[in-house]
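Biologist: Please take a close look at the ligand site for me. Then go on to whatever else in the model deserves a careful reading.

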Amino acid sequence: MSRLNSGLAIAALVLLLASLWLMSNATQGSARFDRLYSVLLFINVAGLLTLALLIGHNLYRLLRQMRERQAGARLTGRITALFVALAVTPVIVVYAFSFQFLSRGIDTWFDVRIEQALDDALDLGRASLDARMRDLLQRTRLLAADLAETRRGDIALRLEDERLAAEASELALLGPQGRVVAYSTIEHTELVPDRPSEAVLRLARQTGSYIDLDPIGDAGLHIRVVVHLLGAAGEDTRPLTELSEEPRFLQGLFPLAERVGRLAESVESAYGQYHELVYLRTPLKLSFILTLSLVLLLSLFAAVWVALFSARRLVAPLRDVALGTRAVAAGDYATRLPPAGKEEIGFLVASFNEMTRELDKARNATRKSQRQLEEQRGYLEAVLERLSNGVLTLDQQGRLHTANQAAQHILGISLEDHHGHTLSAIAARHSHLLVLAERLAPHLTEPMHPGRDWREQVSLSGAGGKRILMCSGARLSGAEEPPGGHVVVFDDLTELVEAQRKAAWSEVARRLAHEIKNPLTPIQLSAERLRKKYLDDMGREEGELLDRLTRTIVHQVESMKAMVNAFSDYARTPQARPQRLDLNTLATDVVELYRDERARTRLATRLDPELPALEADIDRIRQVLHNLVKNALEACAESADACVEVRTRRVVQRDRCVAELRVADTGPGFPAHTIDRVFDPYTTSKSKGTGLGLAIVKKIVEEHNGRVWAENRREGGGCVVMQFPPPDPAAAGADTDAPRRIAP
Amino acid sequence: MRSWSRPDPTRGAAAAFGLCLFLISAADAWCASPALEYSVRHVDTRLEEETWLLDAGLDLEPNSESREALESGVPITVLLEVQVTRERVFRDERVRNMRLRYRIKKHALSKRYMVTYAASGKTRTYGALEDASASAGTIRELALIRNADLIPDHRYRVRLRARLDIDALPSPLRPLAWLGSLWRVRDDWYSWILTQ
Ligand SMILES: Nc1ncnc2c1ncn2[C@@H]1O[C@H](COP(=O)(O)OP(=O)(O)O)[C@@H](O)[C@H]1O
Ligand SMILES: [Mg+2]
């Protein structure tokens, strides 16, 4: 594109130069280009104007770029100025001198002496012709007088004779208005002889004759003589019947002698040319100067244009480099500059391209490894998230850095807001973690060698019950930010421990029942047989004693059997028959059973109509309710104006609906030292209690994937809380997801 | 902070135009160029043998520069233009266009003015410039157009003007004459209706 442009521009310049050359030729009088002069002048002026506009536009653009502080504009401006100065100075000097030479040179062509000489030559010529002219006038006058005597019929012949005698080229008799009456001419081809003008006739009429030089067309210089016949012939009134008109004038045209004629012509033309030159002196100077100025302007404009063009070409790669550097600074490493030849600038551009290529490569490598790192990290995070163990990382100062989902789940709090907090700070907000913070503190603060592990079993007790955590930790050795730090891994052992304990208790209960139940029936039978055999034989008093004793044995054995049955009930795991069940209805039924007008304890229900339905074994859940209501009534037995409240509630937990059942009372509440163990078998504070009521409750609730805990109410009294998940088969199947959360 | 006031373009154009006018008028006054005025003495068109003929007499008045040029031996050429146009709603149609050139030159030795009719090369000489220019300004029996070539019911016009032929001047005189003619440019036609 730019190549095409510059080609066009050069072609235009060459054309302009050519037309200027032609014009200067025309100025110097070359006939060939003379006709073209105006056109050439116009073309040149138009071309120069175009060039000027072009340059003006370019300069304006350059100025604007400089004002906007575009890269390279200043340098372009400076190089242009330098080039222009270099080119313009000599041109101007040459122009000034040429101007001087021209005006002086043209002036020296003209000399007063030459002018005088030419004037003199002309006068001399005229003077030398004067004698012949007088002679000719005399001859013509004589001829006119002669002709007046001549008979009209002979006039044509006479004219011819006289013409030959006088060596005239033409003799003619003219009428009063100058019309030809008769004539004789040397040129037979010419039909009509040369007629004198009106002014000549007038003069001849007034003064009687006329004589002067007359340049006649191609024939050259002639002497024209016109004589008024009337004056010459006196009172001649004879009618000239042969002639169409009365002749009034005689005209003679006489050629000059060949040599004289040539000389006169030469003087004439030299004089004419010289005077023409004198007259044209100023316009000639002007037009030379015009041509010169056009040449000057053309070379000036060409210089400016070439300067602009080459400066721009020179600076373009530098500007590219500047822009490229800016782009690289802004982070665009894909910048490649167009190659710029083989000189130093080209080398610079090549180096720049090499640099950006290397930078690009390096950055790509970095990006790649970063991506790999991120992938690995993501992988690790995914693994950590899937892990059922809780994992915490802490920095060197023991501040929380990361925690996985399981950790939050096990600890029962959301750790997202606790980044950067130490464990003790977190524990200050969540009191159930105090023990954990205390137990871990020495491991975290004590300066340790990297790689040495520790283990610690911690049991936490919170609102959701007791939890046993196995914690293990190690010091991290990474040089990465933050350097060092700790990783703590902990596992919730609660279920495992509980399952073990439950298994052990079940075994004990089963054996006890088996071992105790077997001898009980023989004991009962033996006692009854003893009574039957000896009661009749004994006296009344002894009989009564025996009767009372055996009855006591039988009763106690009965109750022992009941107790053993309870044990085996606990140990046995009956086939569950889950069905859809409305907890509200069931609660109402059970509470109605215990309602007694005379009792001091009030029974109340507060049921949530929006409670989700359960999928459960109705008999087992009824037993749960029985056990809990019974315990609550027993707890309230001592206090006056007591109240037992059964409450159901729909609780939204982690975007699922949970049915909650609470049995609360206004009794003394759970003793503080046993509240952790009330769900264990044989934990009882009652003389006749089995300690199995709550154990069975827990077993049944857990069979339904629910969870249960005991708490003391702030306003006094105990409360047992149960939560059952919704009967969603998928959720029911996901055992690992079963809530093990300590309620906040 | 430097501030650049943007020049008002219309003001700039007006200034440039004014400058051009000034330059041209200055050039006109300073280096006056040869030129020719004319006035029409009489015109006459008549139909003869089915052809329209024109007779006209023009008073040519060469200005002082032209006279000076003539006296210095520089020939000047008078250009007579005769046109026949047909009237139309917008631009008249040019039917005929004739150019007659007369070259006037002073003969130094005889001090006579030679008038050469360029088409035939015929020369006549006159003792006074007035006679020479009167001869150059006379048109006799110029065949304009054949009557058959006229479309009936259309109005035709004949127009006529005289001026100096700049291209026939010596080249140094031409730029100025050209500038001068630019300066004097106007519609200087003498026109009349060709009556049928
Ligand atoms: N509502 C309650 N208020 C206070 N203590 C309770 C309540 N329910 C149960 N307990 C305590 O929990 C113990 C265990 O109860 P449970 O397992 O039902 O056995 P039992 O009722 O046979 O003692 C009780 O002995 C009692 O100390
Ligand atoms: Mg109980």
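**The shell around ligand 1**

Modeller: Two helices of chain A, α18 (618-636) and α19 (693-703), each supply at least two residues of the shell around ligand 1. Keep in mind that this is a predicted model. The biggest share of the shell comes from α18(A), which gives four residues.

The shell as a whole has 18 residues. Nearest to ligand 1 are A:N631, A:D665, A:T684, A:S685 and A:K686. Sorted by class, the shell holds nine polar, six nonpolar and three charged residues.

Now the atom pairs. A:D665, one of the nearest residues, has a side-chain N or O atom 2.8 Å from a nitrogen atom of ligand 1. The backbone takes part as well. A polar backbone atom of A:T690 sits 2.9 Å from an oxygen atom of ligand 1. For A:G691, a backbone N or O atom is 3.1 Å from an oxygen atom of ligand 1. Taken on its own, ligand 1 has 530 Å² of accessible area, and the protein covers 92% of it.

A:T648 belongs to strand β14, residues 643-653. Is A:T648 buried or exposed? A:T648 is buried, because its relative accessibility is 2% and the cut-off for buried is under 20%. The side chain of A:T648 makes a polar contact of 2.7 Å with the side chain of A:N584.

Next, the surface that brings in chain B.

Last, chain B as a whole. Chain B has nine strands and four helices. Along the sequence, their order is α-β-β-α-β-β-β-β-α-β-β-α-β. Of the 196 residues in chain B, 43% are buried.

Key
Residues numbered from 1 in each chain as written. Chains lettered and ligands numbered in written order. Predicted model: local features only at pLDDT ≥ 70, side-chain atom pairs only at ≥ 80, totals over all residues. Heavy atoms only, no water. Near = heavy atom within 4 Å. Polar contact = N/O pair within 3.5 Å; in protein donor to acceptor, adjacent residues only side chain to side chain. Areas by Shrake-Rupley, 256 points an atom, 1.4 Å probe, with all protein chains shown as cover. Nonpolar A, V, L, I, M, F, W, Y, C, P; charged D, E, K, R; others polar. Buried < 20%, exposed > 50% of the residue type's maximum accessible area, 1.4 Å probe, protein only.
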